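Q: Hi! Could you walk me through this model?
A: Happy to; here it is.

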Amino acid sequence: MSELNTQLSDAEKINLAGTKAKGQRPYFLADKQTEQALSVAMTLAMELSVTKERLASLECLLVDKGVIAKGEIDNYQPSKEEVAKRSLDTQAYLARVLRIMQQDKEELEANDPDMQSVQDELTKS
Amino acid sequence: MSNSNALPSWDVLTKHDVFPVANHDELARLNFLTHLNVHLSSQILPGVKTAYETQVKPEIMAETGKDPSSRHQVRQHMLNNGYFQMWSALRRNTMEMRHQAARAQVLGQIENIVDKVDKACHNDANLQLDDNVVVPPNVAMVDIHCQPGCYYQEYFENDVTVAASYDLGLFVTTAGLLGALSDGGGQGIANWLKTQHPDFKPKRILDIGCTVGHNALPLAEHFPDAQVIAVDVARPSLRYAHARAKSLGLTNIQFVQANAEDLRQYEDGSFDLITTSMFLHELSHQSMPKILKNINRLLADGGLNLHLEQPQYAGMDVYQQFIRDWDTYFNNEPYWGPMHELELKQVFADCGFDPQDMFDVGVVSKVDEKIFGKPKSEGEDYGRSPVWNALGLWKGQNAKISEKVA
């Protein structure tokens, strides 16, 4: 690496990479926050794609180095215990991803009090 | 499995000395974003037209009793259409992701790149910088095509982040159709001259608004005996362009920091070829006549002036105008629409050119088809496709020459 001092810290570089283009940003969806959530989802989709590609590279390297045979992962037969573990892992994963819907359902059923009512109750003299 | 639909990887791009390198995940990001752009234009964009025809157009007709009359009317109605909203949100966001990905990649190695650029620029007469050049309002008011820092911002002394980011990201936005050096436009011009005007041997060539020089280099390469002057207002772009050209072995091109509204350092009639590539749409009603008058003054009798652009709106149906106009409002290209509705021949005539000298001709990106495939007309990503309309003129020739697509 060169000795050049860019006067930019690592944190500044991270911030600069994502800096906004000058000019008012248009929002298209009826709700700005929905569009922001879409933006987050698309970035996660990209990062998932990057991860899949990294795994594919890893698999190629393992084959090249003779650690595994080509197609060994595609033909891999997990044991009964492994299948059961993966099923639970998948259920837990989906529950994490869709936690907001689970909690919304619970709230529909629970008739929870709002914070102001609770505070009013707690501050009654 | 057939490979015919596989897109080229960003990795096939020619790696000149100052080109940013990509590690595994950076490359995967650029390729993902390239695929996302293609998916949006080939799979999702056609639905925008369906939404227009089945929902929005009938709505406008019910409201007004008439066919939609302007791209602005179509846009106002489309902005309330859910499908258009979602496609637009995705397209805008993809552009922002591409800039972040490219900038993060460049900033991660900026010390190395700047070091190489500094060495290439040291005491070299082929780079002429001028601190008195002010970035004009048409470039400064917003960051054009949502590129943070536009072409000219420097984040530290001698920084070239914006230029390197632009160079590496052109592939992503155009899905690779500009070729290994993202120079399909310049190659298109060179190829057109080679096949249609093999006897034309310009001695001095001026390329205006050259940015990183990608479309000027094919001219320097194609006319090795010519001296090419490439001008731009953006200091980091010129420094990067110079280092880029030098590393590609081209020494007959000089990069000059200048505003094309003021080229008084060059004599009347001192150039026999003057080009711009995707430049006119980044000007303004104030700057364009000044630049055209300069071109008229600088162009030698019998010389060629050629402007590569996307086609003008005149004669297109309102939907096509509307969709081509998306970048005007939603991708920080505020002069795109106003420029594309100008009667350009009249504008040129008002600047002293003889309308009899002028012609239009199609120019197609010239790239290695073995790597990049043939330009497709289907699934065109309007405004970003590598098929241009060149507006040209042979000064004082009264369009004696009938022009053909190369």
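Q: What order do the 8 strands of the open sheet in chain B take?
A: The order is 1-4-3-2-5-6-8-7, with mixed pairing; strands are DSSP E runs of at least two residues, helices H or I runs of at least four, both numbered from the N terminus. Two strands pair if DSSP finds at least two bridges between them. This is a predicted model, where local features need pLDDT of at least 70 and side-chain atom pairs 80 or more, while totals for chains, interfaces and linings use all residues. Residues are numbered from 1 along each chain as written, with chains lettered from A and ligands numbered from 1 in written order.

Q: And which strands stand at the edges?
A: Strand 1 (127-128) and strand 7 (358-364) of chain B; each has a single partner strand, so one side of each lacks a neighbour in the sheet.

Q: How many bridges join strand 2 and strand 5 of chain B?
A: They pair in the parallel sense over 4 bridges, and B:Ile208 stands opposite B:Thr276 of strand 5.

Q: Switching topic: how many residues of chain B are in contact with chain A?
A: 32 residues of chain B are in contact with 29 of chain A, contact meaning C-beta atoms, placed from the backbone, within 7 Å.

Q: Which helix gives the largest share of that side of chain B?
A: Helix 3 of chain B, with 11 residues.

Terms used
Two residues are in contact if their C-beta atoms, placed from the backbone, lie within 7 Å.
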